Amino acid sequence: MTPEQERLIAILQYLEDWDKLTRTPVTSVQDYLKAIDGRAQILSATRNRRDAELSLRGEYEQVVAKRTWVRLIENLRLDGRITRAITA
């Protein structure tokens, strides 16, 4: 086979592949694009993060409130004047 014939065969195979590609149903291309699209995963991760942050914020606020009460009670116990005023 001559180089010109090989080149012609390669061109014809390329055109045949191109023809097959252009005849691919649009739905399969759309399905493929949806399959490789990561936006749904990003949205899911964003929602999970938001929920985790809200939960953490609520827990943190509870810890701060409890620690505040503990410190307040400790300070009241240490201050004899307040204790005497409360029990008087």
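Modeller: Start at Asp51. Its relative accessibility is 41%, so Asp51 counts as partly exposed. That value lies between the 20% and 50% cut-offs for this class. One caution before going on: this is a predicted model. Now look at the partner. The side chain of Asp51 meets that of Arg50 in a salt bridge, at 3.5 Å from N to O. Arg50 is partly exposed as well, because its relative accessible area is 45%.

Next, find Arg49. Its side chain pairs with the side chain of Glu53. The N to O distance in this salt bridge is 3.0 Å. Where are these two residues? Both lie in helix 3, which covers residues 39–78. They are four residues apart, and that is about one turn of the helix. Arg49 has 57% relative accessibility, so Arg49 counts as exposed. Glu53 has a relative accessible area of 43%, so Glu53 is partly exposed.

Now go back to Arg39. A salt bridge joins the side chains of Arg39 and Asp37, with 2.8 Å from N to O. Arg39 counts as exposed because its relative accessibility is 60%. For Asp37 the value is 31%, so Asp37 counts as partly exposed. In total, the structure holds four salt bridges. Among them are Arg39 with Asp37, Arg49 with Glu53, and Asp51 with Arg50.

Now follow helix 3 to a nonpolar part of the surface. Here Trp69, Leu72, Ile73, Leu76, Ile82 and Ile86 form a patch. Together they have about 560 Å² of accessible area. Which helix gives the most to this patch? Helix 3 does, with four residues. Helix 4 (80–87) also takes part: helix 3 and helix 4 each supply at least two of the patch residues. Take Leu76 as one example. Leu76 lies in helix 3. Its relative accessible area is 31%, so Leu76 is partly exposed. A patch residue must have over 30%.

Step back to the whole chain. The protein has four helices and zero strands. From the N terminus on, its elements run α-α-α-α. How much of the protein is buried? Of its 88 residues, buried ones make up 0%. The accessible surface comes to about 8700 Å². Carbon and sulfur atoms account for 60% of that surface.

The average pLDDT of the protein is 83. A score of at least 70 is reached by 88% of the residues. Confidence is highest in helix 3, at a mean of 92. Helix 3 is also where the pair Arg49 and Glu53 lies. Confidence is lowest in helix 4, at a mean of 72.

Notes:
Residues are numbered from 1 along each chain as its sequence is written. This is a predicted model: local features need pLDDT of at least 70, side-chain atom pairs count only at pLDDT 80 or more; totals for chains, interfaces and linings use all residues. Side-chain values use heavy atoms; hydrogens and water are left out. Buried means under 20% relative accessible area, exposed over 50%, partly exposed in between (1.4 Å probe, protein chains only). Accessible areas come from the Shrake-Rupley method with a 1.4 Å probe; for residues, only the protein chains shown count as cover. Patches are made of residues with over 30% relative accessible area and no salt bridge: like charges are joined within 9 Å, nonpolar side chains (Val, Leu, Ile, Met, Phe, Trp, Tyr) within 5 Å. pLDDT is the predictor's confidence in each residue, from 0 to 100.
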